[in-house]
Amino acid sequence: MKTRADARPPTAEELQQQARVWLRLLTSTEVREVDAQGFQRWLRASPSHQAAFVQAKRRWEALKPMASEFLRADPEAATYHRRAMRGPAASRRAFLGAAVSAAAVAGVAGMAVVHPPGGLWPAPGEWGADERTRIGEQRAVTLASQVQVTLNTQTSIRRHAAQDEMAGIDLLSGEAAIDLPVAGQRFVVMAGAGRSVAESGRFEVRYLAGRACVSCLEGAVRVEHPAGVRRLQAGQQTLYGIDAVGGVANVEPDTVSAWRQGALVFNEVRLSEVLEEINRYRPGQVVLMKSSARDYRLSGRFLIASLDSALSQIQGMFDLHGRSLPAGLYLLS
């Protein structure tokens with residue numbers, strides 16, 4: 001594993017992120033001898049590295065009760081656990097359990113788990129971000145020509161200098177809202193395989209799990225992708241992935257940007273997708289234990305500042321039972 005060389009000393013937050021990634025690698029089935037050697041070099045590089053790793057390990061240990069509870073509650077996850085522990089790499093790793101492994105839970109138990117609890121394992125590609133928000137945090141930054149960029153929860157961006165008189169950002173992950181001055185220069189948002197270009201107005205770009213969603217709220221936006229170009233007017237939206245770009249659909253701007261007013265709005269959305277969105281804003285993890293409820297449809301408006309109240313409402317809507325566990329884990333069954 002390689003760490004990114006930076007021109008400036010890493011911040012405390014960046015060191016924590018690096019420590020978490022090392023911890024994830026060292027407790028996985030993919031760890032190699034060269035990784036262990038690289039970790040030792042990173043650990044010896046500075047006392048601050050050692051302190052960051054100790055703190056990350058303490059958080060890891062705090063999740064063990066949550067993992068045990070999850071394995072007791074779900075037979076399929078427990079079966080996966082036992083098989084993994086019998087594997088050839090079991091003797092050199094500490095298996096945390098399906099409760100905190102997004103890939104294991106999603107693949108084996110079909111649960112609504114998208115991110116590790118508390119953002120425990122940041123993607124290495126986000127280490128070079130110039131701006132980053134934590135879970136539940138929103139922040140506005142002003143860039144070239146008085147362009148205001150509002151970052152939603154768990155968002156990472158990298159600024160890039162003006163090229164051909166066009167300034168902009170790389171959206172590494174998350175969601176960003178762009179407010180352009182009336183007579184500003186062109187501004188571009190790079191996200192995955194495409195880029196969105198505008199000269200005035202307001203638009204939003206959401207980039208998660210390799211898929212981007214671009215929404216035009218005011219003015220016009222041109223979405224450029226190897227598979228085609230889409231021109232959006234106010235109240236229009238398009239989606240794209242690595243290989244393809246979708247058509248243009250009409251959307252309600254107030255619903256799309258409700259997060260900027262501190263709310264989440266859903267209109268006939270699958271319960272599993274609603275919980276995925278709540279998990280982006282809420283520390284810990286909401287896990288849907290009742291697989292038959294995944295496709296229940298939900299409409300409503302919930303305050304981001306009161307997501308536990310939203311979970312109580314969801315329980316009442318669908319006759320579910322909620323249980324809180326350590327480390328922010330919340331089971332819905």
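Mentor: The account below moves from the chain as a whole to one helix and then to the aromatic pairs.

This is a predicted model, in which local features need pLDDT of at least 70 and side-chain atom pairs count only at pLDDT 80 or more, while totals for chains, interfaces and linings use all residues. Residues are numbered from 1 along each chain as its sequence is written, and side-chain values use heavy atoms, with hydrogens and water left out.

The chain has nine helices and 17 strands; these are DSSP runs numbered from the N terminus, helices being H or I with at least four residues and strands E with at least two. Of its 333 residues, 49% count as buried, where buried means under 20% relative accessible area, exposed over 50% and partly exposed in between, with a 1.4 Å probe and protein chains only.

The part to examine is helix 9, which comprises twelve residues, 307-318. From first C-alpha to last, helix 9 reaches 17 Å, close to the 16 Å expected at 1.5 Å a residue; the expected span is 1.5 Å times one less than the number of residues. Leu307, Ala310, Leu311, Ile314, Gln315 and Phe318 are buried in helix 9. Seen down the helix axis, these buried residues fall within an arc of 145°, so they line one face of helix 9; the arc is that of the directions from the axis to the C-beta atoms. An α-helix has 3.6 residues a turn, so residues three or four places apart point the same way.

The buried residues of helix 9 pack against several elements, among them helix 8 (271-281), strand 13 (263-270) and strand 15 (297-303). Just after helix 9, Asp319 takes a positive phi of about 55°.

The aromatic pairs come next. Rings of Phe, Tyr and Trp (its six-membered ring) pair if their centres lie within 6.5 Å, and planes under 30 degrees apart count as stacked, over 60 as edge-to-face and the rest as tilted. By this rule the count comes to two aromatic pairs. Phe266 and Phe302 form a tilted pair, 6.2 Å centre to centre with 45° between the planes. Phe266 lies in strand 13 and Phe302 in strand 15, so the pair ties together parts 36 residues apart in sequence. Phe266 counts as buried at 9% relative accessibility, and Phe302 counts as buried at 3%.

Tyr296 and Phe318 form a tilted pair as well, at 5.2 Å centre to centre and 35° between the planes. Tyr296 lies in the loop between strand 14 and strand 15 and Phe318 in helix 9, so this pair ties together parts 22 residues apart in sequence. Tyr296 is partly exposed, with a relative accessible area of 28%, whereas Phe318 is buried at 16%.

How values were computed. Contact means heavy atoms within 4.5 Å.
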